[in-house]
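Dear colleague,

Please find the structure we discussed below, for your records and further use. My findings follow directly after it.

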Amino acid sequence: MAKPSKKKVFGLLAEYETPREIFAACEKVRDAGYQKWDSYTPFPVHNLDKAMGLKPSMLGWLVFVCGISGASGGMLLQWWTSTIEYPIIIAAKPYFSYQAFVPVTFELGILLASFAAVFGMLAFNRLPQWYHSCFNSERFARVTDDKFFICIESTDPKYSLEKTRTLLEGTGAAHIEEVED
Amino acid sequence: MSKPNASLKAYWRSLDAHSSLVQGSAPQASHDEFPAEAAGVGGELTQLRVRRRSFVGILGASTALAGLTTGCIRKPVERILPFAKRPEDVVPGEALFYSTGFQVGGSVLGILAEATDGRPIKIEGNPKHGASQGATDVWAQASVLSLYDPDRSQFPQTVTDGELVGADWESARAGVDEILGAARKAGGKGMALVIPWTVSPSLRAQLETLKKNYPEARLVLCDPMAPINATASVEMLAQPGARMTHHLSGASVVVSIDSDFMGAELDHVRLSKEFARKRSPLGQGDPMNRLYVVEPHFSSTGANADHRLPLRSSKIGPFLIALAHELATNHGIKMPSSFEGIIGAQELGEQEAKWVAALAKELIAARDDRESHSAILVGERQPAWVHGLGLVLNVALGNQTKSVHLRVEESAPVTEDLNALAEGLSSGAITTVFCLDTNPALVAPGELGMGELLGKATVVHAGYHLDETARLAAWHLPISHQLESWGDLESSEGIITVCQPLIVPMYDTKSTIELLSWWSSGHWMPNYDLVYSFWKNLLGGNFSKRRWEQWLHDGIVSGIPRSPGIPVFEHFDTLAEAINDGVSKYGPDTEFEVNFHIDPKVGDGRYANNGWLQECPHPMSKLCWDNGAYISPADAKELGVENCDLLNIQVGERTIQAPVWIMPGQASKTVSLNIGYGREGIGYVAEDAGINVYPLQGAKNPWFVANSGVSKLGGQRMIYSTQDHGTLDPGLGYPLRPIVRETSVDAEGKWANPEFADEGDLMKPEDLKSLWEHNTEATLGEPKLTGKQQWGMVIDLNRCNGCSACVVACQAENNIPLVGKKEVGNGREMHWIRLDRYFSGWDAESPEAVMQPMLCQHCETAPCENVCPVAATTHSPEGLNDMAYNRCIGTRYCANNCPYKVRRFNFHNYNKRMDEDWGQDPVGRMVRNPDVTVRFRGVIEKCTFCVQRINGAKITAHVAGEDTVADGVIVSACEQVCPSEAIVFGDVADPTSRVSKLKATERNYGVLSDLLTRPRTTYLGRIRNPNPELA
Amino acid sequence: MAAFDELDPLTGRKVLVENNLTFHEVTETVAAPIEIPSGRWWAFFLASLMLLGLLLVSLGWLFWEGVGIWGLNNPVDWGWAIVNFVFWVGIGHAGTLISAVLFLFRQKWRTSINRAAEAMTIFAVICALLFPTVHAGRPWVLYWSLPLPNQMGMWPNFRSPLLWDVFAVSTYFTVSLMFWYVGLIPDLATMRDRAKTKARKIAYGIFSLGWRGSTRHWQHYEKAYLILAGLATPLVLSVHTIVSFDFAVSQLPGWHTTIFPPYFVAGAIFSGFGMVLTLMIPLRSWFKLENFITLKHLENMAKIILVTGTMVGYAYAMEFFIAWYSGNPYESFAFANRAFGDYWWAYLTMVSCNVISPQLFWFKAIRRSPLALFIISIFVNIGMWFERFVITVTSLHHDFLPSSWDYYSPTLWDVTTLLGSFGLFFTLFCLFCRYLPIIAIAEVKSVMPQADPHYDPKGDHHG
């Protein structure tokens, strides 16, 4: 039994060799009913989110709303400037030449939608976050290379050092360690 | 300017004293005018100082002369005053017009010169003056730029140990008085005074005095632009002083015998007007005159001909003889008995013979018609005997008092020609030569070798530049610009104008009359006193201050009883001999014939340093900054030369090398050269502009010489034309483009094709549908043009003769920069109005030509506006296509999208270049029109319909409490200058305006209007009036 | 390299990464060039830097003297600057197309080329943006074309295609940049975790935003990536459409044609893939990437070039047909003048490079020969530059009024500016190769057989 260290424990970090192993492991951890845990992989492993039982991302809605407002904002800008604010006779064309205003409308729609996609993603992921407890483990550096990890956090209600460790051992983890917070 | 030295310093000192009055009181305006110059112009301090001073002088002048504005006249005080005391009638920034006169060659124009803040900036024609009738020509327009020519001679100079050095007038007077004294002792023996064509009564009086004081002195005429041959012919037939003028107001048949009467001949402005007025039938059945032109070189007159016969000059005399013979034998025209055996059949080509027969018929028909008559105009290039024969024919056809007027000018000076001068110089009979505003060393025919001859004599030269003669002179005296001096001019018809200055001499110069008065009588008097006292004495009791002021105000001297005598012809035998002699002198017509022409731009060279004229494209060849050797396409093929290839042209031992310019319509086996180019050392502008062809000229007949050697030399001299493609045929087998539309009219005045103006559009105007409802208020419809008046223009292709006066006028009015030869070569000329010249049938040796002035069309649906990303060019409520220079970012998209290619881009900072690189700074800047923005690098510019004039007129109307401007009050610069009234500007919303009436005629059409550009500028299609027998 | 393509044990399709590399070997191979500096790189970098210097000199003189230093004249107010602009924008299409369109079509082979292609896109668009900026007469007030509130109370003219350009190209640049960066984040993390020096640790650390490969992150990340691809696809098609409007919306014969949008887009893809080949073929051999950028990749690109090149050829033919069919003499003359007028040589170059040379790709041998591919890709680049030259100049120099016809020829400064823009492009590309993974490590891993959760290393591969 490892004696409790002075530093606060963040959780248990289990290391796996292949996608196949971590996939199975995740299913086990999910079925064990843990909430505050996460898995780490060098690349997106197909359906791993389902294996973890995550809800689908809501990013799409955000992008949709921003895209629409970008487009309508663009058309409004052009209508207001060329009809209300600065109406001026150009080549005998109507002040509100909406046909000619389509390109800018379209571009602004795309621009805002893309901003939403990128910054929305970062926001949902709470990025940038330059410190994370997992970085305290040397082995974790390989998560961006070829190793796969599961970390069950100590703040999880079901977390208990022994039970959790046995659970992880049961998943065939190649290595298990405690990571400090 | 020569480098400063002892005598020059003395000169400056005296100038200090001269302008000591203004020390400390240099007016604010001078600082505004010259911000940077104080920092140093060309680094030469002395230069800088004289310019500052002269400017102070200018301000003083404006003060002094302000009185001369319309209404009240005051004698100019010769003192310098700052603007601190504002003279009455001078509102800073407001233009004042002064009536004065302008002379070039024998032609006199009454002009109104515009001055703003004391700076003359624009010349307009004086509507009250018969010779100009409100119009002017290129030379008058450009003369204002010569005033500010930085290269003009600015102080007397004399030869000290071999080189010309500056001097002051005191020493100049002393020096020249010695020479005069010696001459006077000898009673004028050995002295010659070389003068230009003199039509100034007061100058003529001075010449009389000279004759009195120097009885032996000889008077020599030196003026290539003067009507010398024409005058000689009348004098030959009648008596010395006999003069003739032509009039076309009533002529239905006009025959030009090598006469470019719309270009360089005597009274070209008046003749253009008179001709054009009978030229433009607005509907079927309207009368229209018919013009025949026989000439070796395509002139703008030839371009307007209904029938043009390219004929080498030496064939033109015989052609006229043949015509006379035809008239005498087949039409019973009575010839003087002394013509027996002289007027006989000539060997003529088939074409010429056909012409003679047809012409004779026409002339007789015109004689028999009670309403109309004919006119035969002989060009100055033809020798006197041809003029004489033409005159005899005119008289015989009953044209005297109709198309030909004769008078005797008793006061006309009796002069000798340059041959006499040369002969006198070489024989030593002439040892002292006074040149008054003449340049014999340049313009004398090369055969005379005038340069060397003058070198042997003592020469006193008074001139505007330190020119070819000045460099041979013991003394060079700078003369004032005509806008700086008092004088008077009598037009060919006897209309007299008193010329008043707008400005005191900018430099230390004297006017010609001051100099002549000094030379002739030793009186050293201000020119105002000279002119004033001349007229005072002439009228005696009838003279009154009021009358004098009236003259100055109107620009016309009135109330002088004058009854010029009518010359009587008695010496037909002399003419007969001359004819006989003349014909026999002509060489064989197998060899090349070299022709010399007065240049439509630089004249005889006197305007060679004038940038506006150098850059103005030649009316026919569109060449800028150069003259070329014009030869016909066939001859070019035979010689195996292309444009710009150098030709070696030889006459006797004299040869020149000139670049070829292939000219359709050039008579075969002839070369045409324009005089006045290739001047060296007179100024920045003239440097390397063209080839000097005077050396080739022969002494007896300067204008053409047969049997000369013309051969390909190898090598090239790049000369640039502003129009690369000369026809409406796009090539690659595509149809002619309907840009210019024309038809012909028959004897009854019926048009061959009544719909000609509407044909050529890809879609009929009624089929062109706008996407939006026209002229609505709606946001989704086409915005309404709310202006009460809608501006538009009509250009009559029948009237336009391509004289290019509008090009220069526009340049002067709108501060259009010069770009220089290199940039013209890059295709970057800046002119807002250009004259497109199209030949029909390039290969034809005798093509027809048509001129089309092209300027911003102010399209209602302007393609340029739509594509500008920053809305720098937009539409005004009055239908103007406005250009906001300050908003322009220079994408040039508008220029690409303009179907008429009338937009111009400032690829460099051309105005800065003019000011600094061209040494125009700061004086050159003073010519600019303060009402028009000076454009900077990187912006587009184009014709504005002279919006500054439109708004000026609107303000005036508004002040008068009217909400519209009356028709004809606003005249664009191009309309105002046009001698043939081809351009009409006005309100198209008002159906009664001139422009609306013209647009309503059948001849009206819009160029490329099938693009639905709805141009506000439209054209009246060209109508030719061919003779069925020649067609 | 393999004479025949290896097959994926699960799918039975050609494998995208050859020689059964492990994940770690992938990381190693890609990271190697970044961590070990090479002499060849320095040679190229310095050469590019010199060209960049040439650009700066040309631009300096341009700003000082004005666009008059170029060969422009009155009828031909747009010259090389606009030609270069369209040329670079065109090249800037392949990257986004590969990453976005092929992604949506689940073309997994894209993963090993999309990173470099996107980088190329961004650098090309930077070069493109340069030209409209400096070709303006007064570049210092170019910002007037943006709808910024100002004391003059003036606003831009939204009807002008040039303004559409401003929005289209800048949006395209921004979106491509974000797309590229999002793709980079996991690989930057990889570099961070491999970094030896402190500087690299910090630099990569900052830009990787603390990425730790969390599945919860991957979930949003993949969503965002998918959406961006979905947005970039219409965008990439719109950009060259709008660029073509610069010509099509004018009324100049030869410009005023409705075929331009599709024709320009096809041309853009064509030239884009041409440039990708020009860059990739040397790259794969120098950086030992044959296992990633396989002959299959090259062959696929060759096929795309063949298709788009043929489309472009069709457009050339159709222009002539429509010009003739319209019965508009100005229109048909403009095209006849292209082929037979003063600039026939430019037209000939264009057709032979763009239409004829790609036809060689009908032969598999040529499609699979890197050398042949490289040479033809160069021809494609030349041809596409000439296409823009032909469109811009020949239409302008002979338009409606014969009186204003003129001939256009470039000056020395036109040439140096174009060369200089290549300097800018290659300088940026060299820096990219030196400091960023030129292959999307994470994406490549995700398409390898062993990335599949059902892949059993102990199971029979060829079963």
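Chain A and chain B bury an area of about 1300 Å² between them, with carbon and sulfur atoms giving 72% of it. On the side of chain A, Ile89(A), Ala92(A) and Pro94(A) lose the most area to chain B, and together they make up 42% of what that side buries. Please note that this is a predicted model.

In terms of contacts, 12 residues of chain A meet 17 residues of chain B. The residues of chain A that touch chain B comprise nine nonpolar, two polar and one charged. Between chain A and chain B there are zero salt bridges, while four residue pairs are in polar contact, with both residues at pLDDT 80 or more.

I then turned to the nonpolar cores. The largest of them has 414 residues, and Ile649(B) and Leu673(B) are those with the most contacts inside it. Domain 1 (9-42 + 147-180) and domain 2 (59-124) of chain A each supply at least three residues to this core. Leaving aside residues up to four places away in sequence, Ile649(B) touches a set of residues of chain B, including Val594(B), Ala629(B), Val671(B), Leu673(B), Leu696(B) and Val710(B). Arg654(B), Thr655(B) and Gly709(B) are also among the residues that Ile649(B) touches.

As general background, nonpolar side chains in soluble globular proteins tend to be buried together.

With kind regards

Note on methods. Residues are numbered from 1 along each chain as its sequence is written. Chains are lettered from A and ligands numbered from 1 in the order in which they are written. This is a predicted model: local features need pLDDT of at least 70, side-chain atom pairs count only at pLDDT 80 or more; totals for chains, interfaces and linings use all residues. Side-chain values use heavy atoms; hydrogens and water are left out. Contact means heavy atoms within 4.5 Å. Buried area is the accessible area (1.4 Å probe) that two parts lose on being put together, summed over both. A salt bridge is a side-chain nitrogen of Lys or Arg within 4 Å of a carboxyl oxygen of Asp or Glu. A polar contact is a pair of N or O atoms within 3.5 Å; within protein, one must be able to donate a hydrogen and the other to accept it, and residues adjacent in sequence count only if both atoms are side-chain atoms. Ala, Val, Leu, Ile, Met, Phe, Trp, Tyr, Cys and Pro count as nonpolar, Asp, Glu, Lys and Arg as charged, and the others, Gly among them, as polar. A nonpolar core is a set of buried Ala, Val, Leu, Ile, Met, Phe, Trp, Tyr and Cys residues joined through side-chain atoms within 4.5 Å. Buried means under 20% relative accessible area, exposed over 50%, partly exposed in between (1.4 Å probe, protein chains only). Domain bounds come from an automatic or database domain assignment.
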